[in-house]
Amino acid sequence: MSYLRLVVCVVGVYSMFLLWAIAQERLSVPFQSIDGTSSDKFHSPLFLGTCQSFLSCLSALGYILIRRKPGQTLTQTLGLTDTSKPITNGAANGSTSNGSAKSNGHTNGHTPHTHNTRSRNKSLLLRYFQCAVFITSAAPFGFAALSYITYPAMVLGKSCKLVPVMLMNVVLYRRKFAAHKYLVVAMVTLGITMFMGFGKEKPSKASKNSDLSAYTQLIGITYLLINLLIDGATNSTQDEIFARYRVTGQQMMFWINLFSTVLTSIISILPLPYIPVLHPSTSGTELQGALEFIRTHPSVLVPLAQFALTGALGQLFIFETLQHFGSLTLVTITLTRKLFTMLLSVVVYNHKLTPGQWLGAAVVFAGISVEAWVKRKDVHAKRVIQEKEKARIKTL
């Protein structure tokens, strides 16, 4: 049963995110208008985020309700009840020797446990909202980067989340890291530099003027770095939530996507002025621009639906893998999935990679493989220690 579950998780992650990647790249290039007179790009990244976060929220909620244990309240199911042992009324107000509570007349209906739960929930929801703000801010930069760099370059860059995650953990939470992680960072940085330096394929913004290629790639790298830095802040905040609060991955997925949906929906209906990257629409609200684009370019519907649906289902497979097989297995699956995503992009969209770029990609994945190997070694060492400790206890 465990083996079958692992196979289902691997197939789910691979199939959903490979299809998601194809849709994402398709959404970054022009679509033919319904009358065939023009081709235009889809300039509504927040609308994309709203579609995906809404479906992700629904899929997470459905998963949580299906896996709900008998007798659980809704707040417990959604992770809004502290799993630590509550303080009973008898403990709070004093109790007699036979266990009956003795009221002091000053409870006003609130116990210390109730106050602590409210304080915890307020802090937890604030952390979820913080993640939603980070995700909403990061997505437009990743979408905009595709106009300046090729998709394989972006996939390779997104494979290097360890760098911004380490940086943001140090800056935001003062965490320290093992020495091997700095070797991984150096290899990843070298590989990315080689990949970009040896590249000959021009991004879409440079297709009409080759002299702009270096400049446009610099803009694309800048957008990608901003995206990765915000992603690093998101991941470090999620680590903080897991460390401080007893929540499941699906509960986190539900609340973050719920806040993201509300946030992007509000922004999409506001009449904002033109803002590079964040609000590239030139007139009206982003929602109006997105709906008008869909009306005049109906061919965008299929990749848009594919992007939102596969992204939502893919997250469920990721959290299922994390829950039953741990982060090490998830890292291995994610690493190989990104490699196949880059290869699939090369095949489907006919990208041309030079030998130097293949070497740079190999250096990047070798660096990430070092991280996975060290994690596997650490997990094995911990298991050996635990087995020895169990054996020692049995002999006592």
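The following legends describe close-up views of a predicted model.

**View A. Packing of helix α2 against helix α10.** Helix α2 spans residues 45–66 and helix α10 spans residues 249–268. Because angles over 145 degrees count as roughly antiparallel, α2 is described as roughly antiparallel to α10. The crossing of the two helices, α2 and α10, is left-handed.

**View B. Residues in the contact between α2 and α10.** On the α2 side, the contact is formed by L46, T50, S53, F54, S56, C57, S59, A60, L61, Y63 and I64. Helix α10 contributes Q250, Q251, M253, F254, N257, L258, S260, T261, T264, S265, I267 and S268. By class, the residues of this contact between α2 and α10 comprise 11 nonpolar and 12 polar residues, with no charged residue.

**View C. The second largest cavity and its lining.**

**View D. Helices and residue classes around the second largest cavity.** At least two lining residues of the second largest cavity come from each of α1 (2–27) and α12 (301–348). Helix α1 provides the largest share of this lining, namely 4 residues. Classified by type, the lining of the second largest cavity contains 6 nonpolar, 2 polar and 1 charged residues.

Methods:
Residues are numbered from 1 along each chain as its sequence is written. This is a predicted model: local features need pLDDT of at least 70, side-chain atom pairs count only at pLDDT 80 or more; totals for chains, interfaces and linings use all residues. Side-chain values use heavy atoms; hydrogens and water are left out. Axes are lines fitted to C-alpha atoms, for helices over the stretch in contact, and angles run from 0 to 180 degrees between N-to-C directions. Angles under 35 degrees count as roughly parallel, over 145 as roughly antiparallel, 65 to 115 as roughly perpendicular and the rest as oblique. A crossing is left-handed if the near helix is turned anticlockwise from the far one by less than a right angle, and right-handed if clockwise. Contact means heavy atoms within 4.5 Å. Ala, Val, Leu, Ile, Met, Phe, Trp, Tyr, Cys and Pro count as nonpolar, Asp, Glu, Lys and Arg as charged, and the others, Gly among them, as polar. On a 1 Å grid over the protein atoms alone, a cavity is a set of points where a 1.4 Å probe fits but cannot get out, and a pocket is an open set with protein on both sides within 12 Å along at least five of seven lines; lining residues have an atom within 4 Å of a point.
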